[in-house]
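Please look through the sequence and the coordinates shown below before reading on. The paragraphs that follow start from a single side chain and then turn to other parts of the structure.

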Amino acid sequence: MTNLILLPILVPLLAGIILIFFTKNIHLQRWLSGISSLATVVVSAFVLLKVRQDGIQTLALSSWEAPFGITLVSDMLSALLVFMASIISFACLIYSFRSIGEQRERFYYYSIFQFLLVGVNGAFTTGDIFNLFVFFEVMLMSSYVLLVLGGTKIQLRESIKYILVNIISSALFVVAVGYLYSIVGTLNMAHISQRVSEINQPGIITVIAVLFLIVFGLKGAIFPLFFWLPGSYNAPPAPVMAIFGALLTKVGIYSIMRTFTLLFPHDTGYTHQILSVMAILTIITGAIGAIAYWDIKKIIIYNIIVAVGVIAFGISVMSYDSLAGSVFYLIHDMNIKAALFLLVGIMIKITGTSNLRKISGLIAHYPGLGWTYFLAALTVAGIPPLSGFIGKVILVRSGFEEGHYWGAAIVLMSSLLVLFSVMKIFINGFWGEPKDYPEGKKVPVNQLMIAPVLLVIFAIFYGLGIEAVQPYISQAAETLSNPDIYINAVLKE
Amino acid sequence: MEILMAFTIGILFMSATYLMLSKSLLRIIIGTGLLSHGAHLLLLTMAGLKRGAPPLLGEEAASYADPLPQALILTAIVISFGVTSFFLVLAYRAYQELGTDNMDRLRGTEGND
């Protein structure tokens with residue numbers, strides 16, 4: 001079936017449209033969105049297996065052949081990320097059932113949630129640069145609404161800043177596409193890549209590459225451009241925060257990965273040098289933020305920035321191994337950041353505060369929560385049997401091999417600070433004398449625990465089953481390090 | 001012609017940047033409007049402003065204007081229209097709820113749980 005790769009976009013889109021009609025019936029909303037999310041997971045798993053078996057899948061919409069129509073391309077990287085996005089959104093959805101509250105549920109929450117997934121899956125799958133812009137906007141519009149839904153003061157205030165930053169970066173995206181179109185005269189990514197290599201990447205293309213780096217750096221929170229993220233991600237409720245932290249910045253990182261491996265790989269001395277410096281500064285500032293705060297949400301938010309820096313460093317090294325390490329780490333990080341945000345959300349629900357100084361002794365009444373958090377914390381720092389380890393090992397090794405000694409050393413040291421920051425939450429929040437919280441002695445958390453436990457179990461399997469995952473990752477890295485595979489699959493010469 | 005357009009777009013971008021750096025929220029929204037005007041004009045200009053018939057096959061002309069950027073601009077216009085209307089309503093709601101349109105007073109951590 002040739003339309004298979006369209007299904008991860010189509011299923012949530014149809015679900016989102018249908019959900020608009022039944023906003024007052026909350027049970028129906030939950031059932032429908034749950035079923036459609038599960039269906040998205042299943043179809044994206046099929047796409048993953050199909051790409052593993054038969055190589056890159058392309059779909060020319062309306063049978064207009066590339067480069068004249070819009071082509072959807074699912075290579076291994078896209079398929080893996082779509083699969084992860086579906087799993088994470090399913091977990092956040094079942095968490096929302098118990099935590100988001102009827103007020104929000106009556107107001108199109110599940111519908112917008114599905115539209116966010118449409119935007120993310122579409123951005124991962126598209127093979128056309130302007131279509132990427134459109135899917136970015138689908139994703140961003142949904143994220144504006146999810147961010148402000150509920151209308152508390154802090155949400156209103158932070159949404160204004162978040163929308164303003166994203167309007168500016170979207171306008172820059174349009175400008176960058178306009179410049180690129182005036183040079184190469186095409187919008188299809190494979191065709192752009194071919195034409196850029198025909199004219200051997202002159203200076204103006206490098207300028208456009210840096211403009212794209214600024215645009216995607218604003219979306220993906222890279223060093224001088226992450227200023228909007230700590231405030232904005234602090235505002236929404238926990239499941240929304242989890243889906244933002246796991247998916248939105250990663251779409252920016254994916255776009256950097258795609259543009260710098262496919263479109264502009266010819267003048268790496270300049271562009272990748274810039275990317276490398278920005279990535280290292282991202283790691284440093286993220287780590288400083290993570291250890292500075294005593295607010296549990298802020299600590300996890302700054303950990304997102306550290307992870308973005310690590311992945312961007314892998315892209316900047318630009319060897320087969322470092323790209324494989326980046327893909328490993330990207331998938332691990334999406335999964336574990338969602339789990340951490342959901343766990344932190346449960347802690348806030350129990351204690352009614354996100355100030356770490358006011359929390360202690362949670363392990364006495366909530367041992368399950370405590371040990372799940374402990375496992376998640378070890379995973380995010382990259383302790384060997386768990387999933388954060390292997391990606392970082394490959395990344396650091398290839399960094400040393402290619403002579404990026406400083407960057408690789410900083411990646412290694414950042415792990416220590418990340419471990420310190422998440423363990424600070426564990427030691428201060430879970431150990432010590434139990435306190436009385438306004439919500440009462442015992443809050444029922446068992447149903448909320450389902451989603452983060454699922455994600456942590458997934459992380460453990462991802463860490464232990466490296467042998468099983470490895471062929472998928474190396475197939476993704478192969479396409480990234482050799483753009484000809486992608487071009488030939490799309491243009492079919 | 002392209003040179004003239006480039007200067008016009010540059011002035012639009014300059015005014016947009018200036019307005020977006022000001023304190024009042026409405027001035028910022030006007031700035032985003034100018035910014036998207038600039039971006040759309042730039043798309044049109046960068047595709048070339050050569051003479052040609054409008055892209056309608058009924059014209060049966062020897063050469064036509066490039067139809068692709070026009071479609072791109074149309075898409076970008078409706079998107080920025082949607083975002084702008086959302087932003088305006090958000091600003092209205094924020095004015096009702098927070099009682100200010102001064103960006104300097106939209107800070108601090110009160111109401112933060």
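In this predicted model, S398(A) has a relative accessibility of 1%, and because buried means under 20% relative accessible area, S398(A) counts as buried. This serine lies in helix α16 of chain A, which covers residues 388–401. A polar atom of the S398(A) side chain lies 3.0 Å from the backbone oxygen of L395(A). When residues up to four places away in sequence are not counted, S398(A) touches V317(A), S319(A), D321(A) and S322(A).

For F173(A), once its neighbours within four places in sequence are left aside, the contacts are I129(A), L132(A), F133(A), F136(A), F212(A), V215(A) and F216(A). In soluble globular proteins, nonpolar side chains tend to be buried together.

Strand β1 of chain A, residues 57–60, pairs with β2(A) in the antiparallel sense, over four bridges, and L59(A) has L72(A) as its bridge partner in β2(A). Within strand β2 of chain A, residues 71–74, T71(A) and V73(A) point one way while L72(A) and S74(A) point the other way, and all are buried. In a regular strand, the side chains alternate between the two faces of the sheet.

Definitions and conventions: Residues numbered from 1 in each chain as written. Chains lettered and ligands numbered in written order. Predicted model: local features only at pLDDT ≥ 70, side-chain atom pairs only at ≥ 80, totals over all residues. Heavy atoms only, no water. Contact = heavy atoms within 4.5 Å. Helix = DSSP H or I, 4+ residues; strand = E, 2+ residues; numbered from the N terminus. Buried < 20%, exposed > 50% of the residue type's maximum accessible area, 1.4 Å probe, protein only. Polar contact = N/O pair within 3.5 Å; in protein donor to acceptor, adjacent residues only side chain to side chain. Pairing = 2+ DSSP bridges.
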